[in-house]
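Reader: I have a structure open and want to go through it with you. Can we start with the cavities and then look at a few residues?

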Amino acid sequence: MRSSRFLLLLLLVALSAAGAAQDASTSPAPATPNGPTQTNQKRVITIDDSGGTQSGNLRFGPIVYQHPDPFGIEATVSTLTIYGHHAVLKAPDGVSIFKGGERTATFDGGVKVERGRLTATGPALTYSEATGLGTLNGGADVTVAPEKQGGDPVKIQADQVEFDVDTDRSTSSGHVSLVNGNQAAQAGTLVFEEKRNLGQLTEKGGQATITRTDADGKKLIITADEIRVLTDQKKLYATGNVTVVDGTITSKGATVFFDDTQAIAEVLGAPGQPATAVDSKNGSSLRADRIKQDVKYDYFEAIDASAPSQFDKAAFDMTPATGSSSSSSSSSSSSSSAGNSSGNSSGKSSGSSSGSATP
């Protein structure tokens, strides 16, 4: 009898231990990531739905987050914060939902994204821990506030915007428009570095365009294979079959720098192909290695090749990509070299130039 009771006691202890183990296996793991490499640690997303509800498989996912407030869910990953009211967190098949590094999070029904001076909104966003990219889909509106009080914000619209959490870089694509003060640009793709206020505009199979409109409605239009803009400094660098149209004056070159505050463009030619400028109003024209086009006073003139340029090409160089998540590259650069030129410029002066014309 005593041995039977002892065996029964052992059986009860074993059953109790098995039940505890089963409960532990189905309980939520601590909300700390486990698994990603140190390199990808900052790509791990944390979702706070305080005041909302969760449902789904708490071991392997997916987990569905819902909140009554439009932006009640707050997700953070590196310097990026994502707000919404409905989100789904998924892990690869057979992988714990609490093991960060390869999960995806989708937000829909209206999303807001914040990072530093940037705020973006759109219908939906998908984030991948594996790539470190969050893509705002369905039409996106982005505003980058100016660094200094009284400055002009940068406003971007595109079909989608991709945020790289490894950098401060965003990539807008599809019917892209950028507006900054009196300048408006159109392109197929825009890569924007938020801290440097530097944008790179390109159009696959075509050209990017930027239009400057004066207070009196006068327009300056620049088209090129690639245009880079420093929005806070109101300067741009255009390269590849560049055309500058200012009223009756049209200039063309391989490279153009433009300073909006001074209303001055510097047009550079390429080896064996000088820059040109033509005024259709009075018929004057100019061929030179370097041409100065004054937008305020409507004239152009040759620049001596030995004269230093007021523009610094290095200021427009994009920061080299450091991670595999970067989806855009910035490898364009231009320079102009020696050549002979002559001609007459319209307006104030005329001249000729020769020799190196690299800024």
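Predicted model: local features only at pLDDT ≥ 70, side-chain atom pairs only at ≥ 80, totals over all residues.

Author: The volume of the largest cavity is about 60 Å³.

Reader: How many cavities of 30 Å³ or more does the count come to?

Author: The count is two.

Reader: Which residues line the largest cavity?

Author: The lining consists of Leu178, Asn180, Gln183, Ala184, Ile210, Val229, Leu230, Thr231, Lys234 and Lys235. By class, five of these are nonpolar, three polar and two charged.

Reader: Which strands each supply at least two residues of that lining?

Author: Strand S15 (169-180), strand S16 (183-193) and strand S20 (226-230) do.

Reader: Moving to the largest nonpolar core. Which residues touch the most other members?

Author: Ile45, Phe107 and Ile222, out of 64 residues in that core. Another core, of nine residues, lies apart from it, and its members include Leu198, Leu230, Tyr237 and Phe316.

Reader: What is Ile45 in contact with, leaving aside neighbours within four places in sequence?

Author: Ala75, Thr76, Val77, Ile82, Leu89, Arg103, Ala105, Phe107, Tyr127 and Glu129.

Reader: Now Glu266. Buried or exposed?

Author: Glu266 counts as buried because its relative accessibility is 4%, and the cut-off for buried is under 20%. Its place is in strand S23, residues 264-268.

Reader: What does the side chain of Glu266 make a polar contact with?

Author: With the side chain of Arg290, at 3.1 Å. Beyond its neighbours within four places in sequence, Glu266 is in contact with Arg290 and also with Thr255, Val256, Phe257, Ile291, Ile303, Ser309, Gln310 and Phe311.

Reader: Last one, Ser128. Where is it found?

Author: Ser128 is in strand S10, which covers residues 124-128. At 18% relative accessibility, Ser128 counts as buried, since the cut-off is under 20%.

Reader: Which backbone nitrogen lies 3.3 Å from a polar atom of the Ser128 side chain?

Author: That of Thr131. With neighbours within four places in sequence left out, the contacts of Ser128 are Arg103, Thr104 and Leu133. Arg103 is also among the contacts of Ile45.

Reader: And how far apart are Ser128 and Arg43?

Author: They are 85 residues apart in sequence, and their C-alpha atoms are 8.2 Å apart in space.

Technical notes. Residues numbered from 1 in each chain as written. Heavy atoms only, no water. Helix = DSSP H or I, 4+ residues; strand = E, 2+ residues; numbered from the N terminus. Buried < 20%, exposed > 50% of the residue type's maximum accessible area, 1.4 Å probe, protein only. Polar contact = N/O pair within 3.5 Å; in protein donor to acceptor, adjacent residues only side chain to side chain. Contact = heavy atoms within 4.5 Å. 1 Å grid on protein atoms, 1.4 Å probe; cavity = no way out; pocket = protein on both sides within 12 Å on 5 of 7 lines; lining within 4 Å. Points joined across faces, edges and corners; volume = space filled by probe spheres on them. Nonpolar A, V, L, I, M, F, W, Y, C, P; charged D, E, K, R; others polar. Core = buried A, V, L, I, M, F, W, Y, C linked by side-chain atoms within 4.5 Å.
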